[in-house]
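Dear colleague,

Please find below the structure for your files.

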Amino acid sequence: MSQDTPIIINPTLSTEARSFKNIDEVVHQDALQALAGIVGRIYQRIPELDGGEHPSSFSKTRTHETIAVFGQRGAGKSTFLLTAMDLLANGKHPFTGNQDIFHKIQPLGVIDPTMLGNNEHILLTILQRIVACVEDMRQKQSFPGHGLGEDRAYEAWRDELLGLAKGLKIIGEGEDSGKPREFCWDDAQFYLDQHLEATQHGGALEAKFHAFVQQSAKLINKEAFVLALDDVDIKPSTGWHVLEVIRKYLTTPRLMVLLSGDSNLYSLLIRKEQNKAFALQELNQLPEGLRDSYQRDIAALLPSLEEQYLQKIFNPLNQIELPSLGYYLARKKQISIVRGAGRDTDSFSDFIEQLCTQKLYLFRADQRQQVQALLSGLPIRSIIRILEVAYQEEGPHKLDLFKLASVFSTAVHRMGFSLPELENIGSKPALHDLVRNLYRAGVFRQGVHLEADQTDEKHNTALLTLGGLYAEAVGQKPGYALQYMLRAALPQQIFINYFPTRFDELFDYLQTARDQADMHVSRRITGAVRSEIGTNRPMWAGTLQVYSESKRNEASQLFRVLYPEQSAKDKNSDVPQARDVELQNFARITGPSGLQKNLKIKRYVNTVGSLQESIESWHKKCVTLPFVTLLDQGSAYPCASIYHLLGCLSDLVSSQELRQTFDTLSHLRTYPTLRSRDQGREDSHREPPKKKTKPETEAEEVDIINRELFNDWPGIKENFLVLLQTWQAKWETVELKYYPSLYARIANRLFYTLLSIEETLQGKNVYPGTYIHRSLAAFFNAVLVEEALAQGTNKALDPRNPVTSDATLIRNMARAGLLQDAQILGDNAPHISQLEQFAPEMRDITVSKDQMGDDYQEGAPNLPLFQLTFSCPLWGLFLYPPYGNLDQILSSFSLFNQHVLQVQKDCPSGWYTDVLCVSYKGEVQFPNLYTPLQSVPIVRGD
């Protein structure tokens with residue numbers, strides 16, 4: 001067959017099994033051509049195999065020339081057989097149009113043995129088809145040639161038929177095989193006659209059947225019949241009966257049998273019957289030693305018996321495979337799909353392209369190839385259903401994904417979803433259901449990205465459907481992308497790395513099933529990961545433990561622990577021998593400008609609570625956002641984490657009332673860790689239990705400080721609220737068109753960058769300000785790199801992560817065309833010229849223009865997720881401000897300045913930097929919260 005002959009699929013005509021008159025409408029054109037070749041070869045062997053004019057069971061060569069049409073369920077076997085029968089009925093070669101031998105072959109149609117009754121015999125059904133064919137020809141015209149139309153020829157043929165039928169009756173063919181044959185035992189002679197006649201007719205049945213087939217063919221001036229048996233494999237009792245009839249009687253080349261089915265099901269059927277034949281179910285009645293020996297012998301023998309039986313029935317030379325559509329695509333076969341009622345067509349590749357890029361939002365070439373491999377590997381019936389659903393609308397770009405879910409309803413149900421549940425897929429509880437069902441299906445470890453890449457292919461269609469629905473949900477509500485990261489993707493990383501056998505325990509603790517603020521989920525993530533390490537390490541899995549002041553460690557005592565050399569000068573002090581806390585000296589940060597004297601700092605350190613007291617501007621509402629107080633087996637300690645800021649980000653995006661949301665998020669809550677949740681407070685909104693009038697734990701004290709200060713806090717600065725509202729409005733106008741795999745990969749990259757930060761900086765004096773900046777840089781880079789990769793764009797981004805330096809992220813922003821020249825800031829550049837002392841671990845926060853080189857790219861990038869997340873006004877409160885003189889600031893690129901430039905697009909120049917400015921003890925202004933956060937010491941591990 002020429003490769004130029006296209007395959008044309010008309011979804012409106014292909015939904016049911018039917019015959020196609022046009023070859024180009026047949027999917028399995030190669031199989032049709034193979035069938036024509038096999039039929040021709042068998043026809044040529046008729047003189048060799050037939051046994052002459054009067055065949056007998058003694059002289060005839062027994063041959064099995066059954067033509068096997070193999071294919072999985074839904075592969076199009078029924079359509080293939082119906083089409084083949086119709087094309088053969090034309091008496092011409094299906095492709096060349098030549099008569100050749102095909103006008104001498106009479107089709108008998110397709111028989112479905114599974115529709116026969118229990119007492120109907122397939123051999124009788126075949127005889128009925130032959131008889132009907134001969135009788136029909138006799139009714140239409142006299143039998144042609146050599147006087148065969150004379151009544152005596154017809155009568156002789158009828159006599160042969162009666163003799164054949166009698167043989168069938170005597171040997172019990174056609175009776176219920178499970179019902180014993182009844183004989184009259186009163187007359188011995190009659191009993192003997194019954195058995196003698198049965199033996200005579202049974203032994204000659206095969207020969208008589210062959211003679212009848214030959215005589216029938218000659219009566220209608222044909223050389224052979226061709227018959228198709230469909231769906232033989234799906235009903236074991238009928239299937240075995242058909243195979244045995246083929247083995248015993250259908251051994252003449254003048255009756256060509258097409259037998260369709262799944263080769264694996266035939267193997268199972270034969271194995272089952274052979275087990276039954278050897279009565280394996282009765283082995284328990286044998287002595288133990290003999291039973292074991294018998295089982296071993298049979299187990300070794302059965303595979304060979306199965307193979308030989310299959311080869312006897314299904315001649316390897318007569319086997320035809322009906323492959324998937326992917327087979328033809330791999331051979332560069334042109335496949336077209338008819339659109340609507342006309343003859344306009346789309347190529348199958350174009351269909352996949354439109355489906356991926358315009359509906360599923362899969363833009364990378366490898367993702368499109370993955371989808372094409374999945375869909376083209378499905379049974380033809382499933383593909384037709386998908387095309388039917390797609391072209392009921394305007395095409396794949398308008399495909400109703402809920403209808404696609406109905407096509408794959410079995411796989412979706414197997415995954416644990418009902419179709420009505422999918423209508424609410426854009427809710428927070430739906431993410432919990434997704435995680436739970438992925439876990440129960442055994443694919444949670446690698447399945448949160450929802451890509452159809454599972455080795456167990458039964459899940460792939462469900463994953464693709466779910467991925468499309470979640471992509472659609474994010475497109476309608478962009479903030480859902482952040483919820484997907486926090487409630488599904490990040491918990492997956494936590495589960496894999498720390499709780500691989502405690503799924504239910506972990507997710508019960510995270511409470512992702514509740515429709516509550518994402519900040520609560522993010523704080524519980526910290527409570528989960530810290531439960532594995534307690535207070536043994538300051539940094540752990542994206543969290544940083546900081547020091548908490550208590551009644552036993554007041555400021556003076558803490559001072560002596562941190563600064564024993566200075567404390568020794570105080571005659572009333574005792575120098576402790578051990579330190580469990582280390583500090584980057586707050587006085588050193590402010591020292592070069594002489595601010596220490598002006599501030600009159602009595603306490604060189606802060607706790608989260610005292611920092612709130614020391615900050616007198618509205619920023620005291622913000623300083624607690626990165627923190628949570630954890631209650632672990634009676635002890636309490638605060639921790640900082642990027643997780644909390646991401647939870648805050650998500651809640652702000654979806655907030656209906658920003659001021660109220662911000663006020664709520666600013667409360668420093670107390671949560672029990674995972675291992676002590678039964679011992680602590682489950683509800684973080686309730687006050688802690690008290691046995692005395694004064695709080696006994698640091699967790700309780702911090703909560704009380706929050707509540708006491710809350711009513712006296714100045715309101716959120718109106719300009720900052722305006723910036724938040726402007727930023728939030730952008731989310732409502734942007735449609736994020738990405739598959740959920742993007743959000744899973746962002747979480748994956750972020751999590752492992754945080755682990756790298758921990759591994760690199762563990763043991764060093766990394767304080768909350770530095771740690772939050774490093775974590776934010778990790779988050780921004782994860783979003784930027786993964787979004788660019790998801791778009792399939794060739795931006796040559798650096799795949800490394802910004803662990804100890806911002807340089808990688810800044811260069812990636814440059815290569816993506818996202819950098820803006822800092823000269824735009826002019827005199828409004830955020831800096832304090834007197835503060836020239838950099839923090840040692842933050843020296844690489846800037847990249848000069850000379851260092852940038854060819855990385856700097858001009859352009860208008862379309863990376864909406866990165867631009868939306870990076871431009872959140874919240875980040876300016878925590879990023880490291882580039883201390884130094886104005887010339888240094890304007891001649892280099894820093895993360896802080898780039899963020900400021902993004903936000904200032906929506907406000908007057910200098911407005912945003914004024915909003916960020918923090919008033920500390922009323923005596924000094926800091927550019928943002930970074931420096932005050934550096935005054936909170938970390939707890940060093942053992």
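At the start of helix α29, a side-chain oxygen of glutamate 657 comes to within 3.3 Å of the backbone nitrogen of arginine 659; this falls under the definition of a polar contact (a pair of N or O atoms within 3.5 Å, where within protein one must be able to donate a hydrogen and the other to accept it, and residues adjacent in sequence count only if both atoms are side-chain atoms). Helix α29 covers residues 658-665, and its buried residues are Leu658, Thr661, Phe662, Asp663 and Leu665. Buried means under 20% relative accessible area, with exposed over 50% and partly exposed in between (1.4 Å probe, protein chains only).

Please note that this is a predicted model, in which local features need pLDDT of at least 70 and side-chain atom pairs count only at pLDDT 80 or more, while totals for chains, interfaces and linings use all residues. Residues are numbered from 1 along each chain as its sequence is written, and side-chain values use heavy atoms, with hydrogens and water left out.

In the chain there are 40 helices and 19 strands, taken as DSSP runs numbered from the N terminus (helices: H or I, at least four residues; strands: E, at least two). Of the 942 residues, 57% are buried.

Angles run from 0 to 180 degrees between N-to-C directions, and axes are lines fitted to C-alpha atoms, for helices over the stretch in contact. Four bridges link β2 (residues 67-70) and β5 (residues 255-261) in the parallel sense, and phenylalanine 70 has glycine 261 in β5 as its bridge partner. Contact here means heavy atoms within 4.5 Å.

A further open sheet has three strands in the order β1-β7-β8, with mixed pairing. Its edge strands, β1 (7-9) and β8 (345-347), each pair on one side only. Strand β1 runs parallel to β7 (residues 335-338), joined by three bridges, and isoleucine 7 stands opposite isoleucine 335 in β7. Helix α11 (residues 348-360) lies across β7 and β8, at about 80° to β8.

Yours sincerely

Terms used. Pairing = 2+ DSSP bridges.
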